[in-house]
Amino acid sequence: INDTALISLSAVIAKLHDVGRITQLKRENAMLMTSWNYILNKFKDFNNHKFVQEIKLVSDCIYEIQDLFPKNLEKALIHADLFPDNIFFEKNKVSGIIDFFFTCQDTVVYDLSTLINSWFFHQDFEEGNCIIFLNNYLNSTNLTKNEKEYFNFYLKVSAIRFFLTRLHDMYFNTSGEVIHKDPMEFFNILRFHQKNNLKELI
């Protein structure tokens with residue numbers, strides 16, 4: 001992705017978040033602790049997999065953060081699945097966003113974190129592109145001090161969410177024409193955020 005496309009992406013996501021903050025539509029985010037516990041409980045009785053160590057490490061991380069979810073951050077209606085395959089471009093400008101299946105009410109920092117994790121980690125962290133996006137995003141909208149403080153927290157939360165749901169789908173969602181994606185991608189992203197804090201970027 002080039003700089004022009006990144007600037008367009010940042011402006012559109014900032015607008016999406018601004019609208020999400022003022023809408024009266026509400027829908028609970030069902031993909032965090034409740035979903036995580038459900039998935040982990042299924043794997044307690046299922047041993048035919050190769051992710052024993054990863055599940056243990058993720059479970060330990062969840063134990064560390066489960067009581068740290070903030071109660072003082074504004075909730076907004078967010079997309080919650082801002083992956084590259086859900087955003088279309090034409091001539092380096094965003095032309096459409098699809099797949100609002102997981103749309104829910106949660107903090108915009110969680111939504112932003114999902115975008116960062118899915119767009120700027122391809123084997124290594126693409127810091128340059130991430131900075132271009134974040135600088136232009138923050139030129140178009142504002143994050144509060146508290147939202148910025150929870151950036152690293154929600155980067156880890158988002159990584160856990162997609163590691164666990166990909167893992168679940170790999171073993172339990174096997175009927176039909178399902179394309180399974182590698183859960184290790186997000187396990188490695190989680191490990192990165194455990195060792196690095198990107199808060200200085202915002």
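Which residues in α7 meet which residues in α8? In this predicted model, local features need pLDDT of at least 70 and side-chain atom pairs count only at pLDDT 80 or more, whereas totals for chains, interfaces and linings use all residues. Residues are numbered from 1 along each chain as its sequence is written, and side-chain values use heavy atoms, with hydrogens and water left out.

Helices (H or I, at least four residues) and strands (E, at least two) are DSSP runs, numbered from the N terminus. Two packed helices are described by the angle between their axes and the distance between the axes. Axes are lines fitted to C-alpha atoms, for helices over the stretch in contact, and angles run from 0 to 180 degrees between N-to-C directions. Contact means heavy atoms within 4.5 Å.

On the side of α7, the residues that meet α8 are Asn152, Leu155, Lys156, Ala159, Ile160, Phe162, Phe163 and Arg166. On the side of α8, they are Glu185, Phe186, Phe187, Ile189, Leu190, His193 and Gln194. By class, this contact of α7 with α8 has nine nonpolar, three polar and three charged residues. Here Ala, Val, Leu, Ile, Met, Phe, Trp, Tyr, Cys and Pro count as nonpolar, Asp, Glu, Lys and Arg as charged, and the others, Gly among them, as polar. The axes of α7 and helix α8 (residues 184-195) are 8 Å apart, and the packing angle is about 160 degrees. The two helices α7 and α8 are therefore roughly antiparallel to each other. Angles under 35 degrees count as roughly parallel, over 145 as roughly antiparallel, 65 to 115 as roughly perpendicular and the rest as oblique. The crossing of α7 past α8 is left-handed. A crossing is left-handed if the near helix is turned anticlockwise from the far one by less than a right angle, and right-handed if clockwise.

Helix α7 also packs with helix α4 (residues 108-119); their axes come within 8 Å and cross at roughly 65 degrees. This crossing of α4 and α7 is right-handed. From α4, the contact is made by Val109, Tyr110, Leu112, Ser113, Thr114, Ile116 and Asn117. From α7, the residues are Phe151, Tyr154, Leu155, Val157, Ser158, Ala159, Arg161 and Phe162. The contact of α4 with α7 has ten nonpolar, four polar and one charged residues by class.

Thr165 has a relative accessibility of 13% and so counts as buried. Buried means under 20% relative accessible area, exposed over 50%, and partly exposed in between (1.4 Å probe, protein chains only). The side chains of Thr165 and Arg161 make a polar contact at 2.8 Å. A polar contact is a pair of N or O atoms within 3.5 Å; within protein, one must be able to donate a hydrogen and the other to accept it, and residues adjacent in sequence count only if both atoms are side-chain atoms. When residues up to four places away in sequence are not counted, Thr165 touches Met31, Ser35 and Ile39.

Helix α1 (residues 3-22) and helix α5 (residues 127-140) pack at an angle of about 40 degrees, and their axes are 8 Å apart. That angle makes α1 oblique to α5. The crossing of α1 past α5 is right-handed. Residues of α1 that meet α5 include Leu6, Ile13 and Asp18, and among those of α5 are Ile132, Phe133 and Ser140. By class, the contact of α1 with α5 has nine nonpolar, five polar and two charged residues.

Asp18 of helix α1 is partly exposed, at 29% relative accessibility. Leaving out residues up to four places away in sequence, Asp18 touches Ser140 and Thr141. The side chains of Asp18 and Thr141 make a polar contact at 2.6 Å.

Met33 lies in helix α2 (residues 33-44) and is buried, with a relative accessible area of 18%. Met33 and Gln66 are 33 residues apart along the chain, and their C-alpha atoms are separated by 7.5 Å. Gln66 lies in the loop between α3 (52-65) and β1 (76-78) and counts as partly exposed at 31% relative accessibility.

Lys91 lies between β2 (87-90) and β3 (93-97) and is exposed at 76% relative accessibility. Gln123 lies between β5 (121-122) and β6 (124-125) and is exposed, with a relative accessible area of 85%.
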